[in-house]
Amino acid sequence: MLPVFFWLMLSARSSLAPVEYYRIFYEPIESFSSWITVDRSDRSKDIFLARYRLPLKGRGAVLLPVAPYLSAAGTNVVYLPVHVDIPAQRTITFVLDGAEKGTLAINGERKGFFDLQGVSGYVEVRVSFAAGVYSLLFSIEKRRADLPLLLIADQPVTLASRGFTKNFSVTAFLSVREFTGGALHERLWTNRCIPAPDDSERSASLWREVFGEKSADARSFDEKTAPLLALLKRSTGDRERATLLKAGFTDEMLAWWRERLSWKEVCRDVHQP
């Protein structure tokens, strides 16, 4: 039998409160859609949603479709470029997750340096733009092990396909933010764990069906009242897929979840209270 993380242990310390995010996997899709819109300014929640390929629909935050690439100079530096078209003066807060150390340049000018120094956290970048087209380039000298590189904006952003404005005005402030309970979240991520609440036999039973010997594929249920985790497991079904797409999921997200839930040994760690 595979080991399970239980809330009674995980919530024993208040600093681990964000582990409650995982409870949503055991709620129906309507509860999930409502939960997304709560605490819209919570950057840790935005990161959790983005890491786990969950929609940001209704939050205002946007996951930017950036494509990291390695330095051609043979170093280990990873570049993360994004071009944005700013029609009028505005301030945008970006969140960079998965990076440990690096710099930011805007339109070729270096604007800041960041170093998490081992802190489980993320980089917050607040940029005030005048109207124009801007090229933001994150040069990442060190990545966080096993975590994807994600760039989130706190509002919709128009991406640009052309260069950048030569005469521009921009200010940027970089800061490191600690992700509360971040070390635990990273361990859960690395070990592919979705903890089940200890106070619910229904949730524990579902966890065993999805990750244990039984299969949720064979389970008969109403897709509107079924737990989110079961819907993700069965997302190849027409009704389940339609329900998830309506909630903001994409086919790419669903394919990612099917791969992640296909592993037999999902949770390889035991929490030490």
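Colleague: Which residues lie nearest the centre of the largest pocket?

Modeller: The general idea is that rolling a probe the size of a water molecule over the atoms shows where empty space is left. Here, Ala-50, Arg-53, Leu-63, Leu-150 and Glu-252 lie nearest the centre, among 20 lining residues. A pocket is an open set of points on a 1 Å grid over the protein atoms alone where a 1.4 Å probe fits, with protein on both sides within 12 Å along at least five of seven lines; lining residues have an atom within 4 Å of a point. Keep in mind that this is a predicted model: local features need pLDDT of at least 70, side-chain atom pairs count only at pLDDT 80 or more, and totals for chains, interfaces and linings use all residues. Residues are numbered from 1 along each chain as its sequence is written, and side-chain values use heavy atoms, with hydrogens and water left out.

Colleague: Which element gives the most to that lining?

Modeller: Helix 8 does, with 3 residues. Helices (H or I, at least four residues) and strands (E, at least two) are DSSP runs, numbered from the N terminus. By class, the lining has 16 nonpolar, 2 polar and 2 charged residues. Nonpolar covers Ala, Val, Leu, Ile, Met, Phe, Trp, Tyr, Cys and Pro; charged covers Asp, Glu, Lys and Arg; the others, Gly among them, are polar.

Colleague: On to the rings. How many aromatic pairs does the structure hold?

Modeller: A pair of aromatic rings is described by the distance of the centres and the angle of the planes. This structure holds 18 pairs. Rings of Phe, Tyr and Trp (its six-membered ring) pair if their centres lie within 6.5 Å; planes under 30 degrees apart are stacked, over 60 edge-to-face, the rest tilted. Take Tyr-52 and Trp-189: their centres are 5.3 Å apart and their planes at 80°, so the pair is edge-to-face. Tyr-52 sits in the loop between helix 3 and strand 1, and Trp-189 in helix 4, so the pair ties together parts that are 137 residues apart in sequence.

Colleague: Is Tyr-52 buried or exposed?

Modeller: Tyr-52 is buried, at 2% relative accessible area (buried is under 20%, exposed over 50%, partly exposed in between, with a 1.4 Å probe and protein chains only). Tyr-52 also forms a stacked pair with Trp-257, 6.2 Å centre to centre and 25° between the planes.

Colleague: Where does the charged end of Lys-45 sit?

Modeller: Over the ring of Trp-35, 4.0 Å from its centre. The test is NZ of Lys or CZ of Arg within 6 Å of the ring centre and within 35 degrees of the ring normal. Arg-260 lies over the face of Trp-189, at 4.5 Å from the ring centre.
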